[in-house]
Structures are given as structure tokens and as C-alpha cells.
Amino acid sequence: MGKKGRDLTAVFPGSFDPFTNGHADIVERSLEIFDRIIIGILHNPSKNHLFSEEERVALISKQFARYGARVSVVSFSGLLVEFVESTKSRVVIRGLRAVSDYDYEAQMALVNRRLSPRIETLFLTAREEHSYISSTVVKQVALLGGDVSDMVPAVIATALTRKYKATQKDR
Ligand code: PNS
């Protein structure tokens with residue numbers, strides 16, 4: 001419980017296609033600060049995703065099942081600030097790997113503040129061992145048959161292997 005018995009909740013939004021060890025670390029560290037974390041998966045029908053929205057919700061839920069109600073995984077579409085406003089939270093968490101992430105992240109945070117001044121964006125710096133990991137890199141390595149077991153949680157690694165085997169069969 002947070003101060004004055006409040007339930008401090010934060011939203012961790014992203015595409016998570018797929019969810020990486022970098023993302024998992026941000027969630028784990030956020031749980032040290034907040035009572036609850038809502039992982040918000042952006043549903044963007046115009047983008048070609050490797051994992052469907054339902055698959056991403058199921059895989060990430062499995063990863064954090066041990067936290068029970070402290071972690072919830074939901075998908076959202078439209079504006080992030082509207083999604084955050086629909087929850088009890090007013091904090092958005094984002095991870096920063098390197099300076100190169102900063103421009104885009106700062107712009108998003110400023111736009112979101114303009115749209116909804118009561119919502120704050122909180123940045124956590126990625127651990128250095130995760131600084132090279134991105135969902136894009138993971139997809140590329142997995143597609144070419146490389147080992148991604150150091151880059152993603154085990155449930156995601158298994159799902160990636162299954163997904164690419166199925167894709168190769170279709171060819
Ligand atoms: O993991 P990603 O792809 O970097 O996540 C980006 C995300 C989902 C946080 C961002 O694209 C987003 O919030 N999209 C929702 C649309 C929105 O609110 N846009 C205005 C802020 S620029």
C-alpha cells in the first residue's frame with residue numbers, strides 16, 4: 001500500500017511484440033515502487049504484428065501470473081492518456097536504454113502531458129546488460145534461427161520458436 005493507504009498504480013505501455021527481458025526488468029523494478037502495474041499493450045490494427053494482441057496478452061499474463069492482482073495485462077487502442085485516465089493510475093512508466101531513445105521518449109511524454117497534464121511519465125534506465133535488446137532485434141535473430149534465450153523470458157522464447165517453425169512450414 002502506498003501513502004495514506006492508497007493503491008499506487010502505474011501503467012507500463014508498449015507494443016511488446018515480443019516482450020523482452022528489458023521489459024520484464026522494468027516491470028519487476030516498478031513493482032518495488034508501485035503496488036500495482038498495468039501492462040498496456042497497444043492494439044494497432046494498421047501494424048503487422050508477429051504476435052496477435054490475444055497472444056501477447058496471454059504470454060505476458062503467464063510471465064507475471066505469480067504476482068496475482070499486482071500485475072494486470074490489458075490491451076488498449078487510441079490515445080495512451082485516455083487509457084491511463086480509464087484506470088486508477090496517473091503514472092506512465094517507460095524504459096530508457098540509451099540517449100538515442102531520449103528524443104522520441106521526451107516527445108511522447110511532452111505530447112502526453114499536453115493532452116493530460118495530470119499524467120506523469122516516469123523513466124527507468126534499462127540495466128546495461130539489457131541495453132542492446134529490442135523487440136526488433138529479437139525478431140530478427142529468432143527469424144534467422146539464432147538463440148534468443150538470453151533476451152526474452154522463457155515463455156516468449158518458446159512461443160517465438162513455435163511461431164517461426166510455423167512460418168517456415170507455410171513457405
Ligand atoms: O513499445 P513502443 O512501440 O515504443 O510503445 C509506444 C507506445 C505504445 C507507448 C506509443 O506508441 C503510444 O502511446 N501509442 C498510443 C497513441 C498515443 O497516445 N499517441 C500519442 C503520444 S505520441
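On a 1 Å grid over the protein atoms alone, a cavity is a set of points where a 1.4 Å probe fits but cannot get out, while a pocket is an open set with protein on both sides within 12 Å along at least five of seven lines, and lining residues are those with an atom within 4 Å of a point. Grid points are joined across faces, edges and corners, and a volume is the space filled by probe spheres set on the points.

The model is predicted, with local features needing pLDDT of at least 70 and side-chain atom pairs counting only at pLDDT 80 or more, whereas totals for chains, interfaces and linings use all residues. Residues are numbered from 1 along each chain as its sequence is written, and side-chain values use heavy atoms, with hydrogens and water left out.

**Exercise 1. Find how many cavities of 30 Å³ or more there are, and describe the lining of the largest cavity.**

Step 1. The count comes to 1 cavity of 30 Å³ or more, and the volume of the largest cavity is about 40 Å³.

Step 2. The residues that line the largest cavity are L80, V92, R94, E105, M108, A109, N112 and T121. Sorted by class (Ala, Val, Leu, Ile, Met, Phe, Trp, Tyr, Cys and Pro are nonpolar, Asp, Glu, Lys and Arg charged, and the others, Gly among them, polar), this lining has 4 nonpolar, 2 polar and 2 charged residues.

Step 3. Helices (H or I, at least four residues) and strands (E, at least two) are DSSP runs, numbered from the N terminus. With these names, α4 provides the largest share of the cavity lining, 4 residues.

**Exercise 2. Decide whether E105 is buried or exposed, and state which residues it contacts.**

Step 1. E105 is placed in helix α4.

Step 2. Buried means under 20% relative accessible area, exposed over 50%, and partly exposed in between, for a 1.4 Å probe and protein chains only. E105 has 6% relative accessibility and therefore counts as buried.

Step 3. Apart from neighbours within four places in sequence, E105 is in contact (heavy atoms within 4.5 Å) with R94, L96 and F123.

**Exercise 3. Describe the volume of the largest pocket and its lining.**

Step 1. The volume of the largest pocket is about 940 Å³.

Step 2. Its lining is made of 35 residues, and those that lie nearest the pocket centre are G14, S15, R94, Y104 and E105. Two or more lining residues come from each of β1 (9-14), α1 (21-30), β4 (91-96), α4 (99-115) and α5 (135-143).

**Exercise 4. Work out how the buried residues of helix α2 are arranged around its axis.**

Step 1. In helix α2 (residues 53-63), the buried residues are E53, R56, L59, I60 and Q63.

Step 2. Viewed down the axis of α2, these buried residues fall within an arc of 135°, so they line one face of the helix; the arc is that of the directions from the helix axis to the C-beta atoms.

Step 3. The exposed residues E54 and K62 are carried on the face of α2 turned away from its buried side.
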